Amino acid sequence: MAWYIAPYVRDDVRGHGQPSRFCTARDGVGGSDFYASVEILGNYAICKVRANQATLDALAALPNVDRIPKNRLDDSLSDFTPAQKLRMRDIALGLGYTLQEINARFPNDLGTYTLGDVLKFLAKRWKRPRYNVGTDEILFDTPPSDPPSTVEWVADAFS
Amino acid sequence: MPFPETPIIDTCVRSNTGPPPSADWISSVDSDHGGMKIVSNQMAPDAGVASAMWIPVLTAKQEIYFTLKAFPSPSGVGSFELHVNVQNGDTPTPSGYIMRFWHSGTGGAGQFELDRNDAGAMTRLVTSGGLTLALNDVCGIRNDNGVLRCHRNGIEIISAPDVAYFMAGKIGIGTLNDNSFLFRASDIGGGSFPDVRPNLMIFPKPKMRARVEA
């Protein structure tokens, strides 16, 4: 089992002549695998996958996909290396959170927090996509709102 | 929870008419689509991309289903679609959830898919493994308090949580196909449920398989 931060990509094959988007991690799982996700800011999703090791490794190797090396929401990040902590911060920044927000939520060393603390922070906000027919673009300029699912729901989906 | 649990709202047994197929329906979910009509006591598309929307507004927990009466031809590529929680229907920018059966052009084989439509931007929530449908299969979708559940003959095929449009809205049926796609439906059912629980934390336990074997 593994957690990922994975991007959505555009698919023009399916849809009413309008673009569709799908999460690259979801598309990488096989027929007997389990997948659950919550959409977050930045056109990304937090994904949980249960699959064989080869599939989990293949998902981690997909472009712009980060695997979070923890399994349970209450798993401590105390053994995260400095590089891993920096990467988590950079992920949050890349999704659209500010350094001020990050520091306010995690005032202490990231190693004193849990996987659930970090994932729930990353899933604080979401922007509903919209399609601009004129420019043929999927845009994320809508007001932020709560995501359409929750990290807890994804965590409980399967073990 | 059994599926379906709501009554048939249109047997489709009547003289050829439409689109729309009756005064209870409006053409269409997306106003850029063609409409649906009645042909030989079955609902059929009037265009390659066609849909019909049931006029009453239903409470958030709702479902729609139908009995499959004709298949895609072996060379056809396309889908049939069921819509729930439709917002801004009969405009160019409807929103809501769509259950699709994608036919890949190999007999009746294809896969189910659940999408969220954000005013024209489709997000694929979940996809099934390969499936082969049979005539008289009953296919449907329910928004079960924020969990979208796709059923075939009473068996849940795929599901996904999403509360973006867990709100009162309309149901609809349609197709997306090329000219060789043949779709016929009858005994269309649907409706809403009173026990709406719009709280993500008290949702029933999900069945969260992204893909399932046929």
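## Chain A: overall form

A compact globule of 159 residues would have a radius of gyration near 15 Å, and chain A agrees, at 16 Å. This is a predicted model. The C-alpha trace of chain A spans about 50 × 40 × 25 Å along its principal axes.

Chain A holds 6 helices and 9 strands. Of its 159 residues, 35% count as buried. Take the contacts in chain A between residues at least 6 apart in sequence: 63% of them join residues at least 24 apart.

## Helix α5 of chain A

Helix α5 of chain A covers residues 115-122. Its buried residues are A:L115, A:V118, A:L119 and A:L122. They lie on the same side of α5(A), because they cover an arc of only 95° around the axis.

The buried residues of α5(A) have several packing partners in chain A. Among the partners are the strands β3 (34-40), β4 (44-50) and β5 (66-68). The helices α3 (82-95) and α6 (151-157) are also partners.

## Chain B: overall form

Chain B has 0 helices and 16 strands. Of its 214 residues, 58% count as buried. Among contacts in chain B between residues at least 6 apart in sequence, 67% join residues at least 24 apart.

B:I173 sits in strand β15 of chain B, which runs over residues 170-177. The residue is buried: 28 other C-beta atoms lie within 10 Å, and the cut-off for burial is 20 or more. B:S28 is 145 residues away along the chain, yet its C-alpha atom is separated from that of B:I173 by 8.9 Å.

Leaving aside residues up to four places away in sequence, B:I173 touches B:M36, B:M43, B:S51, B:A52, B:I64, B:F66, B:L82, B:A185 and B:I188. The largest nonpolar core has 51 residues. Those that touch the most other members are B:M43, B:L114, B:L148, B:C150 and B:I173. A second, separate core has 38 residues, including A:Y4, A:I5, A:Y44 and A:A45. In soluble globular proteins, nonpolar side chains tend to be buried together.

## Strand pairing between the chains

Strand β10 of chain B (residues 121-127) is mostly covered, with 7 of its 7 residues buried. Strand β2 of chain A (residues 20-23) pairs with β10(B). The pairing is parallel and runs over 2 bridges. Here A:S20 stands opposite B:M122 of β10(B).

## Confidence

For the complex, the predictor gives an ipTM of 0.87 and a pTM of 0.89. Chain B averages a pLDDT of 85, and 82% of its residues score at least 70.

In chain B, confidence is highest in strand β1 (residues 8-10), at a mean of 97. Confidence is lowest in strand β11 (residues 131-132), at a mean of 82. Over residues 200-214 of chain B, the pLDDT is below 50. Beyond near neighbours in sequence, this stretch has 51 contacts in the model.

How values were computed. Residues are numbered from 1 along each chain as its sequence is written. Chains are lettered from A and ligands numbered from 1 in the order in which they are written. This is a predicted model: local features need pLDDT of at least 70, side-chain atom pairs count only at pLDDT 80 or more; totals for chains, interfaces and linings use all residues. Helices (H or I, at least four residues) and strands (E, at least two) are DSSP runs, numbered from the N terminus. The radius of gyration is taken over C-alpha atoms; the globule rule is 2.2 Å times the number of residues to the power 0.38. A residue is buried if 20 or more other C-beta atoms lie within 10 Å of its own, exposed if 12 or fewer, and partly exposed in between; C-beta atoms are placed from the backbone. Two residues are in contact if their C-beta atoms, placed from the backbone, lie within 7 Å. A nonpolar core is a set of buried Ala, Val, Leu, Ile, Met, Phe, Trp, Tyr and Cys residues joined through C-beta atoms within 7 Å. Two strands pair if DSSP finds at least two bridges between them. The arc is that of the directions from the helix axis to the C-beta atoms. pLDDT is the predictor's confidence in each residue, from 0 to 100.
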